[in-house]
Amino acid sequence: MTTEPHRLQYLEAMGLTAWVARYRLPNARPTEACEWEPEPAGEAGSRAPGERLHALLDDAAEASSTSAPSNESTTRPSAGQGRARALLGDLVPGEASASTATPPPAPPVSTTTEAPAEALRFTWQVTCLDGRWLVVLPRDVGPSDVEYRLLGNLLRAAGVVPSRPPSFETFRWPQLEGLPVEAPLEEAQEGLRAFLNGRRQRGWVPERLLVFGDDAILNDLLALAEGQSGLLSMPVWQGPDLKELASGAEAKRALWPRMQGWKRDWRVGDEESRADA
């Protein structure tokens, strides 16, 4: 079950600011309090709670004795009444044990304690080309000027020409520190979904994912298998980091054959988007 701190963490991933009232503003109306009906005056209302509980138990015992034949099984107080009277101090330990069922033995207490789970930690640079193609750089900082120009040249050479130049933003997990973690992978996946859902108001409706680089948890986080992301339900292309591509011509030549289908996929998606509009 999602707790309030976890809910705030997902809202933070979505880019939504959560406001929590902590003080009463000046001249604000006070919160309306519930009107409790006063207890009727009289003997019942003047008695202490313990006395009223004794009276209820006596009435229940008298009713059970008059409605059934008088024998040992009916005159003996029931298990519920015995427990209640034992708590009130009416029965000695022997009588309390006779009138109540023997509780089951307590389970053995484990002397070993499990270490608390730790949250997955990663930082990505993310952008979305015309709201259609996600581009992810799994690293702490955005692309340098050289890498930024290289990415633009790669996209143009492959026939992918977005209407606006890509602008990267940082997605970091966890959003809030110090929260208890029960399922690190599932919570990180939910955080990524929350981040993408929050960008829908900017027009992000991704249909494909391009990843330049790799990290230790990317495959598990995206649930990659056969070029598909099980988490995001979309095709995934993964290539070298932009820094590696910028370091030599050999990496660029090796990358070129893998980009041949980009132009076709970009045009097909663009035509489908126009048809839906």
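**Exercise 1.** To how much does the accessible surface of the protein chain come, and what percentage of it belongs to carbon and sulfur atoms?

*Solution.* The model is a predicted one. Its protein chain has an accessible surface of about 18,700 Å², and 54% of that surface belongs to carbon and sulfur atoms. As a next step, one can turn to the residues themselves: the chain has 277 of them, and buried residues make up 30%.

**Exercise 2.** Work out the order of the strands in the open sheet, and find its edge strands.

*Solution.* Begin with the inventory, which for the protein chain is twelve helices and seven strands. The open sheet has seven strands in the order 3-1-2-4-7-6-5, and the pairing is mixed.

**Exercise 3.** How many bridges join strand 4 to strand 7?

*Solution.* Strand 4 (residues 208-212) and strand 7 (residues 234-239) run parallel, and four bridges join them. To place the pair at the level of residues, note that Leu209 stands opposite Val236 in strand 7.

**Exercise 4.** Which residues of helix 1 are buried, and against which elements do they pack?

*Solution.* In helix 1 (residues 4-13), the buried residues are His6, Gln9, Tyr10, Leu11 and Ala13. These buried residues pack against strand 3 and helix 8. Just after helix 1 comes Gly15, which takes a positive phi of about 85°.

Note on methods: Residues numbered from 1 in each chain as written. Predicted model: local features only at pLDDT ≥ 70, side-chain atom pairs only at ≥ 80, totals over all residues. Heavy atoms only, no water. Pairing = 2+ DSSP bridges. Helix = DSSP H or I, 4+ residues; strand = E, 2+ residues; numbered from the N terminus. Buried < 20%, exposed > 50% of the residue type's maximum accessible area, 1.4 Å probe, protein only. Areas by Shrake-Rupley, 256 points an atom, 1.4 Å probe, with all protein chains shown as cover. Contact = heavy atoms within 4.5 Å.
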